[in-house]
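Thanks, everyone, for making the time this morning.

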Amino acid sequence: MSIAGHESLTIDCAGRPVREINRAIRSAIAGGQSRLRLLNPAARHNLGVALPEGVHLRVDGPAGYYAAGLNDGATVEVAGGVGWGAAESMRDGTVVIDGDAGNAVAASIRAGTVVVRGDPSTRAGIAMKGGLLIIGGDAGPMAGFMMQKGILVICGDAADSMYAGTVYVGGVVGAPGSDVVEGEIAPDEEAMLRERLDRWAVPAPAGFRKLVSGRRLWNFQRADLEFWKDAL
């Protein structure tokens, strides 16, 4: 472990187990350090989990499963791709992934912002309960599935089974899921999209389509039984 610059504490992950690395992060935060940097992460799983507000962690390389999971307000940057479940169940904060993401990035987040500059795999933003997920590339199948709240922005193409919430797609939509209808984008929404993409240095597509819930799945009606079967 060594001090890099005037503010950041650098932790070299080489040859160290994940538990020891996370313990070093916790110890540094308890000692008053708010800016940290991980070198040689080598796609280790569970790096930077449940970090509090005010902490800034940069991971210099790819991370494995559940990077920045349970984030509690920290800013986490990953200079590379991530595995499954990055930023899963985030309460608040910011997670920026400068690469591709595995299955279920930003699953069940409640607030904050997750940025994937590359392409996420399946189920990006599944069961989102709030917050913002920006995808610079193409989203895999089931993006936004069971989404209950929040905003999902996909600058590239999207596959199937978008389900609910508010989804903006800049590319081609393969096959929207059950109960998805297209809405009009208001001027303030266009301004919001431009501002968010500019802030996170994500190139904007020529335009967006807005997809929202048709609300037929909010309450069960026996007449909609076949509709429900298709959704499930």
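Glutamate 195 and arginine 196 are joined by a salt bridge in this predicted model, and the closest N and O atoms of the two are 3.1 Å apart. Elsewhere, salt bridges with shared partners bring Arg37, Arg58 and Asp60 together in one network.

How many salt bridges does a search of the whole structure find? The search gives nine, and I will take two further examples, beginning with the pair formed by glutamate 20 and arginine 16, whose side chains meet at 2.9 Å, N to O. Here glutamate 20 counts as partly exposed, because its relative accessibility is 34%, whereas arginine 16, at 17%, counts as buried, the cut-off for that word being under 20%.

The other example is the salt bridge between the side chains of aspartate 72 and arginine 91, with an N to O distance of 2.3 Å. Aspartate 72 belongs to strand S5, residues 72–78, while arginine 91 sits in the loop between S5 and strand S6, residues 92–97, so this pair ties together parts that are 19 residues apart in sequence. In terms of accessibility, aspartate 72 is at 32% and counts as partly exposed, and arginine 91, with a relative accessible area of 43%, is partly exposed too.

Tyr65, Tyr66 and Trp84 make a nonpolar surface patch of about 300 Å². Of these residues, tyrosine 66 is placed in the loop between strand S4, residues 56–60, and S5, and its relative accessible area of 33% makes it partly exposed.

If we leave aside the neighbours within four places in sequence, alanine 68 is in contact with Leu47, Gly48, Val76, Ala87 and Val95. Finally, alanine 68 and methionine 90, which are 22 residues apart in sequence, have a C-alpha to C-alpha separation of 8.1 Å in space.

Key. Residues numbered from 1 in each chain as written. Predicted model: local features only at pLDDT ≥ 70, side-chain atom pairs only at ≥ 80, totals over all residues. Heavy atoms only, no water. Salt bridge = Lys/Arg side-chain N within 4 Å of Asp/Glu carboxyl O. Buried < 20%, exposed > 50% of the residue type's maximum accessible area, 1.4 Å probe, protein only. Helix = DSSP H or I, 4+ residues; strand = E, 2+ residues; numbered from the N terminus. Patch = residues over 30% accessible without salt bridge, like charges linked within 9 Å, V, L, I, M, F, W, Y side chains within 5 Å. Areas by Shrake-Rupley, 256 points an atom, 1.4 Å probe, with all protein chains shown as cover. Contact = heavy atoms within 4.5 Å.
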